[in-house]
Every structure is written in C-alpha cells, then in structure tokens.
Amino acid sequence: NSKDVLVEFYAPWCGHCKALAPEYDHLGEKLYYNDSFTIVKIDATANEVVEYPIKSFPTLKFFKKEEKSSPVDCNGRDMPGLLSFLEQNHSGESFDLTITVDSVEKFQKFSTFNHTMVVFFTDGKAISDAQKEVFTNLAKDNIWIDFVIVTAANAKTTLKYPKTSSLFMVRDSKATPIAFTGNTTDEEAVKTFVVDKMLNKVEEANLKCINAVREGGLNAMIFIASEEDEDTNSALRNFIAAADQLDGKIQLIYTTDPNSSSYRNLAGVFNVTDKEQPRYIRILQDKNKKYGPSAGDEDFAFGVEDFVNFYNEWNAGDATALVRSAPVPEANDESVVEIVGSTFVKEVVKSGKFAFFEVYAPWCGHCKALAPTYEMLARKVAPFENVLISKMDGTANEALGITAKGYPTIKFFSPDSSEPVDYEGGRDREGL
C-alpha cells in the first residue's frame, strides 16, 4: 500500500472494541477517498499476523508508507484521539482532512455514508488557494463534518443542486442542501454558516451532535428513554413538537435505544440510570453544567408545554443544577477541607474566601506526591479566616462548571469572582 495505514486488531467479543467501532468506522468512511491514509481492521481471533503477536484488544498499529517494517503503536480510542495521532505521525508535509472527488459517481458513493457534509463544487476548475485554505482549516476544527470538494464539471447540475451557490451544507443523505450565499474565501463567514446549519432543530443522538454538546459548548435539551413503549413514543412526539417553539433558542437531542453507544454516552454525561426511571429530560449548558426540572424527574409530565416550560425555567435560572456527589463527610476538621459535588458551590464558589480547590484521584501518583505540601500549605494559612485550602475526589464527584482534564487539577477562587483561575505554578511550597 502506497499510503500510511492504520490497522486495528480486534476481537468480536471485546467490549472495548465495540465501544471503539462507531468512531473507527466513521474515521474509515471519512478518509475513504483521502490521498494519504488507509484505515484497516483485522479480526485477530480469525486471522493471525505472525510478525505482530496481539496480547490485548483492541491493538492499533500505524504503518508509515516509507517505514512499513517498524509500525508505531496508536493509543487513540475515539475520533479526536485517532486524528490527533494521525496528524502527529503522518508521512506527508501537510495534514489535510478535506475530501476531493473527481466524479459524480464517487460523490454518490461517499454520500452513502450519510455523514454531514459541506460540499464545494468547482465545476471543472481548480479550487483557489484561498478557498482550499478555508476548507482545510475548517475540516481540522470540525472533525464530525466532512468537507468535500467536487471537481467534476457539471456535477452540480447532474446532482440537481441549486445553481445559486457553489457551497452547500448537507446534513444527511435525505436532507435538502442548504446554500451558502457569502464569500467562499471568508473563513469566518463560512465557519458561522457551518456552525449555524450543521444540526437539525431536533437530532437523534449521534457522534456529531454529542461532540457539539460535550466539546463545542452547545446548549442542548436532551430526552433520554430506556423503554420503547407507548409512554415513551408519546413523550418523544411531544418533544419533537416542542422544537417549533424552541427553534433558535436551544438544540434538541433525543436517544431511545439503550443498546446504542450514543445512549451510553449521554447517559454517562448525566449519570442517569434506567433502574429507577425509564425517561429523563436534561439540559446541558456550557460544556459541563447540567440541569433537571426543579419539580424533580418523577413529576415531569413530558407534554409539549412541559418541555417549553422547562426551557423557560432554565433560561430564567430556576432549573435544578445536577452534579454527581459522594455523601457529605460527617466530620470535616482536617486542615485541607474535603469537598463533595453537592457542597462545592456553597463551600468554595460562594464561600467569600480566597480558595485553592484541588481535584484529585485517589490512585494518582502526582496527587499523592502533592499531598504533604498541600497539607503544609493548609496548616500555614489556617489562622487566616478568609483563606480556604480544599480538595475533591474527581472520580466520585463533579464540581459545577469545572472540567478536570487531568489530575491533579488546581483552581483558585477569589471572593469577588465566581470564575476560577487555573493554577499553573509549581507544586512546591514556594510556588503554592
């Protein structure tokens, strides 16, 4: 193979392989016509590759086109991680995720993957350097959308796209193309068009919209149901009907298949379980702030007006903030105050104190190394009533509005602001 090749060795029964499958398949489809990469998977229970004994599943190896005898192990387990690995290890001079097709037949084949696409027709001409730069930059920043350049002459006419534009958003294979009417070399204008038009007002949960919620800061109302019965069907019809009143105010997303990876992703985000209740309604705001109805899940009626009222309640600041929380400690008289999810806002954000807040993991070696110094700091500032040194187990709790991307994560709060400052200094006595 004359390209760089990423190979996954998998086992059909492996849970980790099943979790990776939707994103790995999406990657393979995304790069189907890419000039630089080939994406491969091998059932290692039915095939043996003698040169590479497989000890665990999935195992991913990357074969550069000039160094096929010395593959590199890839630890990526989702689309962002896999693409980041390819960008760091690829053989070419530039990392280009745009797709160029030179025939209507190739475009129709690519369309069968049913991805969201931004399509640019050149009508047989070469794409300009400025237009190519816009496409290349946006393709890197919007990995769940495919940026397709169709160079075949008269392709737009053959495919019955409107003649009024050369650039279109296509949300799925059945959707009507949405024309862009601005300047195709204006990156900000094209970016705004992509963000505004990439989702339908109601979306069944998929990788694209989940990523927009979890990473892109999209505010979304999310309906999650684990039982597909008449009550769920009725609630879903009402949820979809509510979109007409909520269009332009908040994105609506639903999932009703508990066996799907999308359901597991969203259930995990909200820490919901079908053991107690089969239907939930939630709002996710600003990446990590979660809300439920103020009256509680049991009393939510799932009618059209109930969904609209929930939005109004949230918009007015009256919805119930939701966080995962360990029980409140019965005794909390140590020099470093132990915080849990349910006490974070009261004891840290609204404490009126200058506060260090550490998010740690019990198993983390860096956290263990920091602990004696952190405790020393707490004892040293104990006489000052307006200073707080605190910590929270990030594996058992969530802090409203705080995302810990690693351990330990340390934030500093001051009395005159609810927005923390990242502590990036030394983890020694002098730095703290």
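Reader: In what order do the 5 strands of the open sheet stand?

Author: First, a caution: this is a predicted model. The order is β16-β18-β17-β19-β20, and the pairing is mixed. Two strands stand at the edges: β16 (337-339) and β20 (421-422). Each has a single partner strand, so one side of each lacks a neighbour in the sheet.

Reader: In which sense do β16 and β18 pair?

Author: The sense is parallel, over 3 bridges. Strand β18 covers residues 387-393.

Reader: Which residues make the nonpolar surface patch of about 240 Å²?

Author: Phe354, Phe412 and Val421 make that patch. Take phenylalanine 354, which sits in strand β17 (residues 354-360). To join a patch, a residue needs over 30% relative accessible area. Phenylalanine 354 has 34%, so it is partly exposed.

Reader: Is lysine 208 buried or exposed?

Author: Use the cut-off: buried means under 20% relative accessible area. Lysine 208 has 10%, so it counts as buried. Find lysine 208 in helix α7 (residues 207-214).

Reader: What does the side chain of lysine 208 make a polar contact with?

Author: The partner is the side chain of threonine 116, at 2.4 Å. Now widen the view to contacts beyond four places in sequence. For lysine 208 these are Thr116, Trp144, Arg171, Met198, Leu199 and Glu203.

Reader: Which residue does a cis peptide bond join to phenylalanine 57?

Author: To read a peptide bond, check omega. Phenylalanine 57 is joined to proline 58, with omega about -15°. Proline 58 belongs to the loop between β2 (37-43) and β3 (59-64). Another cis bond runs from tyrosine 407 to proline 408, where omega is near -10°. Proline 408 lies in the loop between β18 and β19 (409-413).

Reader: What is the phi of aspartate 123?

Author: Aspartate 123 is not a glycine, yet its phi is positive, about 55°. Its place is the loop between β6 (117-121) and α4 (129-141). With a relative accessibility of 45%, aspartate 123 is partly exposed. Lysine 160, also not a glycine, has a positive phi of about 65°. Lysine 160 is in the loop between α5 (155-158) and β8. Exposed means over 50%. At 75%, lysine 160 is therefore exposed.

Reader: How far apart are alanine 175 and lysine 405 in space?

Author: Read sequence and space separately. In sequence, alanine 175 and lysine 405 are 230 residues apart. In space, their C-alpha atoms are 37 Å apart. Alanine 175 sits in the loop between β8 (167-170) and β9 (178-179). Its relative accessible area is 23%, so alanine 175 is partly exposed.

Reader: How many helices and strands does the protein have?

Author: Step back to the whole chain. There are 12 helices and 20 strands. The C-alpha atoms fill a box of roughly 75 × 60 × 45 Å along the principal axes. Of the 432 residues, 45% are buried. The accessible surface is about 22,200 Å², and carbon and sulfur atoms hold 46% of that surface.

Reader: What share of the contacts with a separation of 6 or more comes from residues 24 or more positions apart?

Author: That share is 71%.

Notes:
Residues numbered from 1 in each chain as written. Predicted model: local features only at pLDDT ≥ 70, side-chain atom pairs only at ≥ 80, totals over all residues. Heavy atoms only, no water. Patch = residues over 30% accessible without salt bridge, like charges linked within 9 Å, V, L, I, M, F, W, Y side chains within 5 Å. Areas by Shrake-Rupley, 256 points an atom, 1.4 Å probe, with all protein chains shown as cover. Salt bridge = Lys/Arg side-chain N within 4 Å of Asp/Glu carboxyl O. Helix = DSSP H or I, 4+ residues; strand = E, 2+ residues; numbered from the N terminus. Buried < 20%, exposed > 50% of the residue type's maximum accessible area, 1.4 Å probe, protein only. Polar contact = N/O pair within 3.5 Å; in protein donor to acceptor, adjacent residues only side chain to side chain. Contact = heavy atoms within 4.5 Å. Pairing = 2+ DSSP bridges.
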